[in-house]
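Open the model in your viewer and keep the selection tool at hand. The stops below can be taken in order.

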Amino acid sequence: MLGGDGTGDEEPLFRPYAVTGGRSEPRYHMALESLVSSSFIMEEDMALLTPEQDAIIRLCRSFRSVAEISALLRIPLGVARVLVADMVDEGLVRIHQPRLEQGQPDLNMLERVLSGLRRL
């Protein structure tokens with residue numbers, strides 16, 4: 001989608017950091033396992049999105065982790081984090097940060113991430 005034709009053997013069609021304006025870090029901390037979901041967007045507004053935003057919104061119609069977005073779109077993790085953070089600021093997607101209670105990870109969230117990674 002964002003890279004070549006899916007064979008994995010070619011160079012991407014864009015320089016990954018060109019889509020982030022050269023930024024490699026998001027404006028705020030975002031865990032790799034943070035789940036992302038699309039906000040409701042009218043179909044006519046979809047035409048105003050960049051190809052990267054469109055791909056992320058379509059992918060996140062079901063909950064996806066930031067790591068999954070990176071892997072499925074074949075973009076570096078840093079680029080995915082910057083794009084998602086920018087889209088959160090624009091109200092295009094919602095981020096669901098994991099809540100760690102007493103230093104213990106949320107097992108339900110970890111199971112969802114593991115399930116998503118297995119589907120890759």
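This is a predicted model: local features need pLDDT of at least 70, side-chain atom pairs count only at pLDDT 80 or more; totals for chains, interfaces and linings use all residues.

**Stop one: helix 2**

Select residues 51-59, which make up helix 2. Seven of its nine residues are buried, so helix 2 is largely enclosed by the rest of the structure. To see them, show the side chains of E52, Q53, D54, A55, I56, I57 and L59.

**Stop two: helix 3 and helix 4**

Keep helix 3 and helix 4 and hide the rest. Two packed helices are described by the angle between their axes and the distance between the axes. Here the angle is about 120° and the axes are 9 Å apart. The crossing is right-handed. Helix 3 makes the contact through V66, A67, I69 and S70, and helix 4 through L77, A80, R81 and V84.

**Stop three: R74**

Next, select R74, in the loop between helix 3 and helix 4. Most residues other than glycine have a negative phi. R74 has a positive one, near 55°.

**Stop four: a nonpolar patch**

Switch to a surface view and colour L72, L117 and L120. These residues form a nonpolar patch on the surface, and their accessible area together is about 240 Å². Where does L117 lie? L117 is in helix 5, residues 107-119. L117 counts as partly exposed because its relative accessibility is 39%, between the 20% and 50% cut-offs.

Notes: Residues are numbered from 1 along each chain as its sequence is written. Side-chain values use heavy atoms; hydrogens and water are left out. Buried means under 20% relative accessible area, exposed over 50%, partly exposed in between (1.4 Å probe, protein chains only). Helices (H or I, at least four residues) and strands (E, at least two) are DSSP runs, numbered from the N terminus. Patches are made of residues with over 30% relative accessible area and no salt bridge: like charges are joined within 9 Å, nonpolar side chains (Val, Leu, Ile, Met, Phe, Trp, Tyr) within 5 Å. Accessible areas come from the Shrake-Rupley method with a 1.4 Å probe; for residues, only the protein chains shown count as cover. A salt bridge is a side-chain nitrogen of Lys or Arg within 4 Å of a carboxyl oxygen of Asp or Glu. Axes are lines fitted to C-alpha atoms, for helices over the stretch in contact, and angles run from 0 to 180 degrees between N-to-C directions. A crossing is left-handed if the near helix is turned anticlockwise from the far one by less than a right angle, and right-handed if clockwise. Contact means heavy atoms within 4.5 Å.
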